[in-house]
Amino acid sequence: MEENVIHIRNLTKKFGGFTAVDHISFDVRRGEIFGFLGANGAGKTTAMRILCGLSRPTEGEGTVAGYDICSEQEKIKRNIGYMSQKFSLYPDLTVRENIRLFGGIYGLSDKTIKEKTGKMLDMLGMQSERDQLAGALPLGWKQRLAFSIAMVHDPGIIFLDEPTGGVDPETRRRFWEMIYDAAERGVTVFVTTHYMDEAEYCGRVSVMVDGKIAAMDSPDRLKSSYNAENMDEVFRIIAGRAGREG
Amino acid sequence: MTAAIDIENISKSYGKVRALDGISLKVDAGEIFGLIGPDGAGKTTLFRIMTTLMLPDSGSGSVCGLDIVKDYARIRRLTGYMPGRFSLYQDLSVKENLDYFATLFGTTVKENYGTIKEIYSQIEPFADRRAGKLSGGMKQKLALCCALVHKPSVLFLDEPTTGVDAVSRKDFWTMLARIKASGVTIFVSTPYMDEAARCDRLALIREGSIIGTGTPREIVSAFPFGLLSVKGSRMYRLLKELRGLPGVISCFSFGDSHHVTYDPSVTGKERLLASLSEAGFTDCTARDIGPCIEDCFMWLSGAAAGGM
Amino acid sequence: MKEFTASVIKEFRHIFRDRRTILIAMVMPVVQIVLFGFAVSTEVNDVRVAFCGDLSDTEVRHAVDRIDQNRYLRVVCRLDSPSSAEEMFRKNRADVAICFERDYGSRLASSGQASARIIGDGSDPNTAQMIASYLKGVIQSEQADVSVSLAGDRQASMAPVVQLMYNPAMKSSYNFVPGVMGLILMLICSMMTAVSIVREKETGTLELLLVSPVKPLWIISSKMIPYLVLSAANFVSILLLSHYVMEVPVNGSLTLLSLAALIFVVTSLALGLLISVISSSQRTALLICGMGLTMPAMIFSGIIFPCESMPVILQWFSDIIPAKWFIIIVKKVMIQGDGLASVVKELSILAGMAAILLAVSIKSFRTRLQ
């Protein structure tokens, strides 16, 4: 069934006289990997915060996971997963404690948490590291653990904010394989990245410039319509037109 | 010609964690030398040791011919350093920051205006704005100006492009090329493998060890296996299928295609395509390609870890 | 030298651009003086006195009258027996009780010796002691033997109170002005120096300062100068406030007082520097300053309760608190009007502390990270 799990119309956010997000509209289908690209300061983070129910739009309407972004923010938060490079795990808690904590935050029962913990550790191959402090893990493992934890409550949509920054090339790719796995299970993935090769892994990408969506399509179609060899080139053509200083 | 940077067998540990493990590097005067590796590989520690901010546990080194331990005071005069984080005074204006750092190094902005003119002219219209209120790209330019204002002969840039978008990153490397043209040696680190091509020479670093060094061309030509770029419609399934085929050493997605590292003595393009169509992947295309730095990094880190 | 001036200017900019800092630095002294002056006053004022004794006795009547006549005291009730004093305190109907012995008048007439017992409310020992000694002073002329005890506390004879000599009205401002002065100077110097250095650690700018050819000593001193100036301004404002608003006289030499303040400020700056070396975040620095410096300074400075009533071990401990010595000097010079000779010991202790701390902190300030 083709179903839009994210449905946004004329979303606008103003900070005083500054319009960070300027009337953007888009839909994301269930199970889609949607790349949300844009230069620094183009308004990506602001838009993403609204979608995650962390901030209210100045204008516009929309739904995420079937809930209204203006009036049902708490329900949105319960039904999405969120992972960012900046904050994801408590470094001074062990792997198991982190899983427990986030399971608890999302209101899972002790029994479910226990089951999930076992499964998750098996899947990540981290059984022997379960009592290590999360802060002591290699970056790549942290990233994968953080992703699994963001999925602990089986959300229908997961928001990933630059999940792979600074990670080594192999781990970066293994991480994307986890994303693919999730998408195959029907989870909708909404991801931002600065790596343009990762943009190619998305089903569709949008490029934000100066608060507006300047282009939105599948990577293949974008490449052919901009007559570019890769997404890097596409991005530079589109984002290069920005009026705001980068 | 003496090397601008010459370090020998440098090691450094923090408690039990070994951050650097016997690092040796030689950087010629006037080149852009890239230190490439993921976060946590020890890049920042190496920078701090070379900029005399930290003492190595063992090993020796020199910058501009001066010892990094004994002659630290003289090295500090001759080098410019831009740390990984934006490290300027957010509550001071652009001009105040620049003036202050010029004074610290016993010079004035006026005296060395020629050195920074090209970059500074881009932020000069905002000279009275507080540094904290600048956009990311402008902050980066200001930090670069502050590191250059005393005309250093060696410039250390620790991850200058992290968290910066693709367009600004390209601009930044263009600036670096111009700085290099004025005779400054540049030692730069980055986690972005695609920036490697902009460097004259590279060192690949992983878990505190150098796993490869040379010009980008040398590193690429040392790749010992065959490499195929494979495209198809069901990319993720294709990836899993490819990994199971005989002769395939590794397979990873690279943008819109998969890079398949294979052993030429066991398999080849035609053979792989045949096995794929047998498995139902009939619409696949494949072509032999040369490796990029990222392929090499993955191969070298696998080799360092004893995997391949 | 140019580097130094530029750094000092830069430091002043940091201070003046951060409204919070400047607010804390300039307004806090005023607030503290006012707070201690009016809100936490331990002055003897409008004290409710209960008495127990035979009103037909002329001498007792005389004494009670005398108490009631006093502008700070007010007789509220008569007790049947000394034991009911405790109940009065519990019900908060009286602040102090005085009990005259049986045949008070006749004993006084025959032997010139009669005793009266003053019972203070032990739930607030500081005020109680102050009130009791005040009351004692008031009836002292009446007879000789007055014993003092605190209800709920063990029987304790009152030591003669020295402050009475220099502080005839028992004004507590005489006590807290030196204390507040010590606290403020310590707070401004230690806390702000520590925080300003640690902040540069946090933002990473310290790294840039260290890789510059500037000598660490210059960096350190350029950080200290602005806070020295701020402290001088605070010193003056506290003096003015306490003189004109709290009416505390400056009896001794102003030069001597300023000298002591200068030495104390240097000690505090060095302490701040030391804290900045230990701590890696502003939070830690603030915590160490708050728990390690301000609290002991408050407790041992005698603002809250007299040092003399502390256990001996704590009294020894209080000796290593620089603020204690400074406060003693201020009390002696400012209020008692003593000269250099009487504070030489305290001054040299303070100067010694300053020298040691400065040496240690400059030595431990590294030219490198970690």
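Two residues are taken to be in contact if their C-beta atoms, placed from the backbone, lie within 7 Å. The structure is a predicted model, in which local features need pLDDT of at least 70, side-chain atom pairs count only at pLDDT 80 or more, and totals for chains, interfaces and linings use all residues. Residues are numbered from 1 along each chain as its sequence is written, and chains are lettered from A and ligands numbered from 1 in the order in which they are written.

No contact joins chain A and chain C. The closest C-alpha atoms of these two chains lie 17 Å apart. Of the 2 pairs of chains in contact, chains A and B share the most contacts.

The interface of chains A and B was examined next. Chain A gives 29 residues and chain B gives 27. Helices and strands are DSSP runs, numbered from the N terminus; a helix is H or I with at least four residues, and a strand is E with at least two. On the side of chain B that touches chain A, α5 (136-148), α6 (166-181), β12 (248-254) and α10 (293-304) of chain B each supply at least two residues. This side has 12 nonpolar, 10 polar and 5 charged residues. Here Ala, Val, Leu, Ile, Met, Phe, Trp, Tyr, Cys and Pro count as nonpolar, Asp, Glu, Lys and Arg as charged, and the others, Gly among them, as polar.

Chain B also meets chain C. The contact involves 23 residues of chain B and 21 residues of chain C. Helix α3(B) gives the most, with 4 residues. By class, this side of chain B has 12 nonpolar, 5 polar and 6 charged residues.

Within chain A, an open sheet of 6 strands runs in the order β6-β7-β8-β3-β9-β10, with mixed pairing. Two strands pair if DSSP finds at least two bridges between them. The edge strands are β6 (80-84) and β10 (212-217) of chain A, each pairing on one side only. The twist averages 15 degrees from one strand to the next. Angles run from 0 to 180 degrees between N-to-C directions, and axes are lines fitted to C-alpha atoms, for helices over the stretch in contact. Strands β3 (residues 33-38) and β9 (residues 204-209) of chain A pair in the parallel sense over 5 bridges. In this pair, A:Gly38 stands opposite A:Met208. Helix α5(A) packs on the sheet and touches β6 and β7 (157-161) of chain A. The direction of α5(A) makes about 160 degrees with that of β6(A).

Helix α5(A) has a helical neighbour as well. The axes of α5 (residues 139-150) and α6 (residues 169-184) of chain A come within 10 Å and cross at roughly 10 degrees. The two helices are therefore roughly parallel to each other, a term for angles under 35 degrees. A:Gly140, A:Gln143, A:Arg144 and A:Phe147 in α5(A) meet A:Thr171, A:Phe175 and A:Met178 in α6(A). This helix contact has 3 nonpolar, 3 polar and 1 charged residues.

In chain B, strands β1 (residues 3-14) and β4 (residues 58-63) pair in the antiparallel sense over 5 bridges. B:Ile5 has B:Val63 in β4(B) as its bridge partner. B:Val63 also stands opposite B:Leu66 in β5(B). Strands β4(B) and β5 (residues 66-67) of chain B pair in the antiparallel sense over 2 bridges. Their hairpin has 2 residues between the strands, and B:Cys64 takes a positive phi near 55 degrees there.

Methods. Parallel < 35°, antiparallel > 145°, perpendicular 65-115°, else oblique.
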